[in-house]
Amino acid sequence: MTKVIALILSCLVWGGLGKPQFPEQEKDPVFWNNWAQRTLKNALNLQEPNKNVAKNLILFLGDGMGVPTVTAARILKGQLSGQYGEEIQLEMDKFPYVSLSKTYNTNAQVPDSAGTATAYLCGVKANEGTVGVSAAAVRGQCNTTQGNEVSSILKWAKDAGKSVGIVTTTRVNHATPSAAYAHCVDRDWYSDGEMPPEALQDGCKDIARQLMENIPDINVIMGGGRKYMLPKNTSDVEYPGEKKHSGTRKDGRNLIQEWIDRMKDKKGHYVWNKQELLSVNPSTADYLLGLFEPGDLTYDLDRDRSTDPSLTEMVEVAIKILRKNPEGFYLLVEGGRIDHGHHEGKAKQALHEAVEMDRAIGRAGLLTSVHDTLTVVTADHSHVFNFGGYTMRGNSIFGLAPMVSDVDQKPFTSILYGNGPGFKLVNGSRVNVSTVDYQQNDYQAQAAVPLRMETHGGEDVAVFAKGPMAHLLHGVQEQNYIPHVMAYAACVGQNKAHCRSGNSASSAAVAPPSLALIITATWLLC
């Protein structure tokens with residue numbers, strides 16, 4: 001054990017010799033005072049909120065992206081660019097308005113992603129495991145669906161003449177995206193192959209079918225989930241020899257082909273790999289269906305850069321297609337595999353997913369303007385993930401704490417989970433992490449309580465906002481408040497009276513093009 005402690009101390013000393021403990025300029029109070037004064041000046045410029053009508057609406061949803069994940073992703077992003085990490089800004093950090101969202105479901109203190117999606121997309125809180133239905137619906141009980149359906153802001157925007165899109169790194173019929181178009185009492189009814197016979201007999205529809213039928217003219221749909229669209233045992237185009245990737249539908253329908261047939265005269269394109277996606281000309285495409293995996297997309301760290309598109313690439317194509325509509329657009333973007341990384345105890349996977357989503361946020365900012373686009377970034381819930389241990393400035397976010405436990409005399413990583421698959425004992429005691437590669441992509445961080453899958457966390461999550469009416473996202477609010485603000489900003493859904501009366505957003509003086517350019521440039525440079 002003495003050797004282990006000596007090794008850790010020597011690494012700390014060696015690291016200290018190779019890089020200053022912190023930047024030299026930070027020793028000077030002038031550095032901090034000037035930084036604070038610049039921040040104060042920017043804050044004073046926000047005293048006149050943007051009350052324009054939001055032509056475009058974008059919601060970035062980091063599934064499972066609690067505040068500790070945001071902070072750790074910030075450090076990782078900085079360290080990936082050779083900096084200490086703590087001092088840099090994520091793209092979402094640059095948004096001027098930040099609030100907190102209360103994530104509980106109607107029947108759950110610690111929520112799931114289905115009930116929360118219903119809240120931030122449909123504007124009403126709901127029970128865990130259900131999507132697009134009110135809390136009067138009971139999970140798994142088909143006969144509680146009818147009469148309890150609730151519509152989403154995606155539908156409100158579509159009904160108002162806007163183009164609409166969904167981009168996700170999960171299956172397109174997973175919990176988050178499905179609440180935008182489906183009404184289902186069980187989030188796991190991906191296709192009819194996953195539904196109980198009695199639910200089918202009672203007339204309930206699977207989520208993949210609802211994607212194609214409920215709002216048939218969704219302009220852009222991108223993510224994974226091919227197998228749920230194909231007849232049972234139909235081989236997958238990318239993995240023809242792997243039965244687990246074959247079609248799951250029992251009704252014999254090929255929903256992909258049905259979409260292709262329906263859109264053939266509407267400038268529609270179906271793609272299933274990166275090359276096909278990037279070959280689509282957004283100026284001549286009005287509809288796009290991109291299904292890049294049989295299930296969820298691969299983690300960004302594991303992604304084949306030649307065949308699998310990144311979230312940023314998908315978002316760029318989506319916006320270029322959607323923004324052609326003179327009425328504007330609504331786009332839901334989900335960084336869905338942040339959540340999966342945490343559930344598996346694989347913090348490195350989760351944090352790299354969060355960094356990639358932040359890149360997509362930056363790309364969206366370059367393609368739109370804060371003058372007419374309300375962009376909101378938030379999470380559906382958190383996880384029992386954290387990092388601590390009095391690590392030194394610039395310490396690798398995946399590294400060791402600068403001490404050993406004063407109980408079992410073993411080192412530990414800064415990142416830990418409250419529960420999950422990382423709980424492991426060797427001869428009745430905690431694993432010595434110095435004997436394993438804790439920097440490996442799939443390393444499962446140590447957890448306090450053994451579970452096959454780590455759980456969600458129940459604390460509030462952050463809501464970042466910029467653009468028209470972003471100032472309305474303030475304080476601590478219920479999660480279902482979010483789509484009401486977005487709808488109010490864009491004059492869609494139930495909040496239209498202020499637009500007709502000419503007292504608010506619609507009558508706000510429209511900024512001249514030069515001012516819009518200045519505003520946009522300011523956001524990009526800050």
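I took a cavity to be a set of points, on a 1 Å grid over the protein atoms alone, where a 1.4 Å probe fits but cannot get out; lining residues have an atom within 4 Å of a point. The model is predicted, so to speak of local features I need pLDDT of at least 70, and side-chain atom pairs count only at pLDDT 80 or more, while totals for chains, interfaces and linings use all residues. Numbering starts from 1 along each chain, and side-chain values use heavy atoms, without hydrogens and water.

**Cavities.** I found four cavities of 30 Å³ or more, a volume being the space filled by probe spheres set on the points. Of its 15 lining residues, T169, T298, D300, R303 and P309 are the closest to the centre. The second largest cavity has about 90 Å³, and its lining includes K348, F398 and Y438.

**Helices.** I then looked up α11 (residues 311-322) and α13 (residues 347-367), whose axes come within 8 Å and cross at roughly 25°. Helices here are DSSP runs (H or I, at least four residues), and axes are lines fitted to C-alpha atoms over the stretch in contact, with angles from 0 to 180 degrees between N-to-C directions. The two are therefore roughly parallel to each other (angles under 35 degrees). Contact (heavy atoms within 4.5 Å) involves, among others, V315 and I319 of α11 and M357 and A360 of α13.

**Link.** I noted that α11 and α13 each supply at least two residues of the largest cavity's lining.

Definitions and conventions
Angles under 35 degrees count as roughly parallel, over 145 as roughly antiparallel, 65 to 115 as roughly perpendicular and the rest as oblique. On a 1 Å grid over the protein atoms alone, a cavity is a set of points where a 1.4 Å probe fits but cannot get out, and a pocket is an open set with protein on both sides within 12 Å along at least five of seven lines; lining residues have an atom within 4 Å of a point.
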